[in-house]
Amino acid sequence: MHMRCDGSAALMPDSSMIITQYNMVGVNKTTRYVFKDNQWIEESNKLVDIINATLTDGHIHFRFSHDFTRLFVLVHEDSGQHFYELSKNEEGIWGLPQEVLIDNNRKTNSVPSYSFDNSKLFTTIEGRNDWSVIEVWGGKNYSEIIEKIKVPKLKEIIQVISIGEKSLLLFAAKKKQKEYVWYLIKETADNSWTAPVQISSLKMYFFGLATTAFPEWMIYSNFENSTLYLHPTPPLLKAELKTPKRNNEIAISQNEKAQNINQMVKPGGKYHAVLIGNSDYQMDKLDLVNPTDDVDELKQILTNKYSFNTENIITLKNATRDEVLEVLYRLRKEISVTDNLLIFYAGHGYWDDKVEQGYWWPVDTDPANPSNWLSNSDLKEQIRAIRSAHTLLISDACFSGGIFRARGNEIRSASRDIQLLYRLPSRRAMSSGNMSSVSDNSVFFKYLIKYLDENTDQFLSSSDLFTKVRRAVLSNSLTVPQDGVIMGTGDEGGDFIFIQQKE
């Protein structure tokens with residue numbers, strides 16, 4: 001893979017790559033790459049932004065937990081080694097780094113590795129007289145040595161990688177030998193450990209080796225040429241690899257899971273749309289001019305240029321809360337797991353600081369009575385219940401950034417990156433602004449329609465569309481459009497793809 005890597009690397013569940021790079025003075029930069037148009041392109045995300053904003057002194061090495069919900073970071077600073085942990089909350093949002101194991105007397109040879117259940121860490125300590133001992137850290141902030149594993153046949157263990165529930169991969173040398181190679185040891189029923197078994201297919205100096213989210217591949221970095229490589233997982237290790245259930249998901253059989261995945265990834269699903277435009281409010285002072293005209297213009301673009309049929313587009317003009325919820329509830333039965341859904345709203349929005357909740361205002365809204373406002377929580381519940389392959393929400397309303405707080409087989413001919421985005425379920429949103437008001441004459445909608453109309457690509461992802469719209473809006477207004485995942489609704493890293501009709 002043609003990207004510079006000077007330290008740790010990870011192949012993530014969404015197929016992106018996160019790596020560390022150092023500048024000339026040894027300061028760390030963490031970079032994320034995604035594969036688009038047959039090349040790896042730098043594209044940041046929340047986790048990378050947090051690391052680069054908070055862990056900038058010195059350089060870092062990192063290792064993810066088996067389920068990719070935790071990240072352990074070893075930082076080499078002028079004051080010595082420091083250890084940090086980042087973890088996801090129940091909604092899948094990464095928190096800030098928390099310093100753990102505040103003990104500068106422990107200097108590890110490499111970044112520690114999580115146990116299968118994330119309760120402890122495996123590592124070796126630099127400078128020991130006998131480097132054949134593996135230390136197991138646990139307790140609060142991993143501050144205790146809860147176990148020591150002695151591997152008698154090895155004279156020096158440089159790196160420890162937790163492979164499965166009860167197995168470790170060791171980079172080490174045997175006694176009376178100079179060559180460092182990889183060995184597998186396994187815990188037995190009586191809590192002892194087997195003799196090390198050499199993994200013959202891992203013959204190179206894979207010091208930067210790591211498992212990935214994909215059992216068939218491991219990843220390693222060559223420090224001599226700063227190049228990243230994927231390596232097939234040796235059969236013996238593949239047999240040991242296990243993946244914990246993520247986010248306490250309900251256990252289902254492998255056959256059921258495979259069937260569900262196959263249903264989700266099939267191309268050729270229908271494109272549905274719900275277009276909501278509220279202009280004529282019951283309170284005259286709330287009236288807007290453009291929203292009802294905007295939905296007509298958007299409908300024309302979708303049906304004339306993209307894979308939306310008229311019979312699958314629902315237009316709601318001057319809608320009440322009940323009318324919007326009734327349509328979304330009905331779509332639960334009409335939309336299949338291979339279909340795509342676009343929801344567009346233009347009208348008034350409101351952000352309530354006291355409850356930290358955003359709302360759409362239906363046409364019968366009373367600003368002094370929130371009983372019939374449509375909350376972001378209501379929208380998320382409906383979106384989560386609609387089992388589409390991809391759902392994209394576009395909100396052109398005041399304070400619409402609050403949503404983040406919290407046909408045919410044409411796709412088969414798309415490039416590999418577009419097909420990957422289509423394979424994975426998505427629940428995304430883009431909004432005309434963050435936590436600010438927007439004008440009736442929407443600059444956001446102007447450029448949304450412009451780039452949908454002028455697009456010449458047969459396959460257009462919502463992320464690429466948003467990038468163009470955001471750049472134009474920032475240059476021509478004071479609003480800051482927002483784009484991202486609607487958390488807690490079933491997003492798995494994919495994207496909504498607009499497919500042009502063939503001539």
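**A close look at Ser113**

Author: Happy to! A polar atom of the Ser113 side chain lies 2.8 Å from the backbone nitrogen of Ser162. That is a polar contact, meaning a pair of N or O atoms within 3.5 Å; within protein, one must be able to donate a hydrogen and the other to accept it, and residues adjacent in sequence count only if both atoms are side-chain atoms.

Before we go on, a word on the source: this is a predicted model, where local features need pLDDT of at least 70 and side-chain atom pairs count only at pLDDT 80 or more, while totals for chains, interfaces and linings use all residues. Residues are numbered from 1 along each chain as its sequence is written, and side-chain values use heavy atoms, with hydrogens and water left out.

Where does Ser113 sit? Ser113 belongs to strand 9, residues 113–114; strands here are DSSP runs (E, at least two residues), numbered from the N terminus.

Is Ser113 buried or exposed? Ser113 counts as buried because its relative accessibility is 4%, and buried means under 20% relative accessible area (1.4 Å probe, protein chains only).

Which residues does Ser113 touch? Leaving out residues up to four places away in sequence, Ser113 is in contact (heavy atoms within 4.5 Å) with Arg63, Lys120, Leu121, Phe122, Val160, Ile161 and Ser162.

Definitions and conventions: Helices (H or I, at least four residues) and strands (E, at least two) are DSSP runs, numbered from the N terminus. Buried means under 20% relative accessible area, exposed over 50%, partly exposed in between (1.4 Å probe, protein chains only).
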